[in-house]
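Please keep the sequence and the structure in view while reading.

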Amino acid sequence: MKNQLIFENIIKKKIPANIIYQDEKITAFKDIQPKAPIHILIVPNFFMASLNDINKENKWIMAHMFYIAVKIAKKNKINEEGYRIVINCNKNGGQEINYLHMHLLGGEKLKSFS
């Protein structure tokens, strides 16, 4: 998997990104290789390699990430027609960057998994 530095540098604004939301806990920005008209990445502002790093002490971050994803979906007016949230975990799960991140996809009818 690719190095986590790219997300760390986006969070710290050391490299340019189209950040659409940021607070003390998470950062959300447009994916530079979108798979849908709306493709937002939502990442914690602290390093976690994957979902496997969720534990009793940090589980709150997932609730916050989902909460912000829904707020972004509503702001982009994709909440009524629908959207998809994807979190890949490790190589076989499709995770390309070694940093926990959530994909918010919408703005068109998305392909089915079946």
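Two strands are said to pair if DSSP finds at least two bridges between them. The model is predicted. In this model, strand 4 (83-86) and strand 5 (102-106) run antiparallel and are joined by four bridges.

**The sheet**

- Strands of a sheet pair through backbone hydrogen bonds, in either a parallel or an antiparallel manner.
- Here, five strands form an open sheet in the order 1-2-3-5-4, and their pairing is antiparallel.
- Strand 1 (19-22) and strand 4 stand at the edges with a single partner strand each, so one side of each has no neighbour in the sheet.
- From one strand to the next, the twist averages 20°.

**Aromatic rings**

- A pair of aromatic rings is described by the distance of the centres and the angle of the planes.
- The model has four aromatic pairs.
- In one of them, the ring centres of Phe7 and Phe29 are 5.6 Å apart and the planes stand at 65°; because an angle over 60 degrees counts as edge-to-face, the pair receives that description.
- This pair links distant parts of the chain, since Phe7 lies in helix 1 and Phe29 in strand 2, 22 residues apart.
- Phe7 has a relative accessible area of 3% and is therefore buried; Phe29 is buried as well, with a value of 3%.
- The rings of Phe46 and Trp60 have their centres 5.9 Å apart and their planes at 45°, so this pair is tilted.
- Phe46 is in the loop between strand 3 and helix 2 (60-75), whereas Trp60 is in helix 2, so the pair ties together parts that are 14 residues apart in sequence.
- Phe46 is partly exposed at 29% relative accessibility, and Trp60 is partly exposed at 40%.
- Ring pairs also link Phe7, Phe29, Phe47 and Tyr99 into a cluster.

**The largest pocket**

- The volume of the largest pocket is about 830 Å³.
- Its lining consists of 32 residues, and those nearest the centre are Asp31, Gln33, Lys35, His39 and His103.
- Elements that contribute two or more residues to this lining are helix 1 (5-11), strand 2 (26-30), strand 3 (38-44), strand 4 and strand 5.
- Helix 1 gives the most, with three residues.
- Sorted by class, the lining has 15 nonpolar, eight polar and nine charged residues.

Technical notes
Residues numbered from 1 in each chain as written. Predicted model: local features only at pLDDT ≥ 70, side-chain atom pairs only at ≥ 80, totals over all residues. Heavy atoms only, no water. 1 Å grid on protein atoms, 1.4 Å probe; cavity = no way out; pocket = protein on both sides within 12 Å on 5 of 7 lines; lining within 4 Å. Points joined across faces, edges and corners; volume = space filled by probe spheres on them. Nonpolar A, V, L, I, M, F, W, Y, C, P; charged D, E, K, R; others polar. Phe/Tyr/Trp six-rings, centres within 6.5 Å; stacked < 30°, edge-to-face > 60°. Buried < 20%, exposed > 50% of the residue type's maximum accessible area, 1.4 Å probe, protein only. Axes fitted to C-alpha atoms, helices over the stretch in contact; angles between N-to-C directions.
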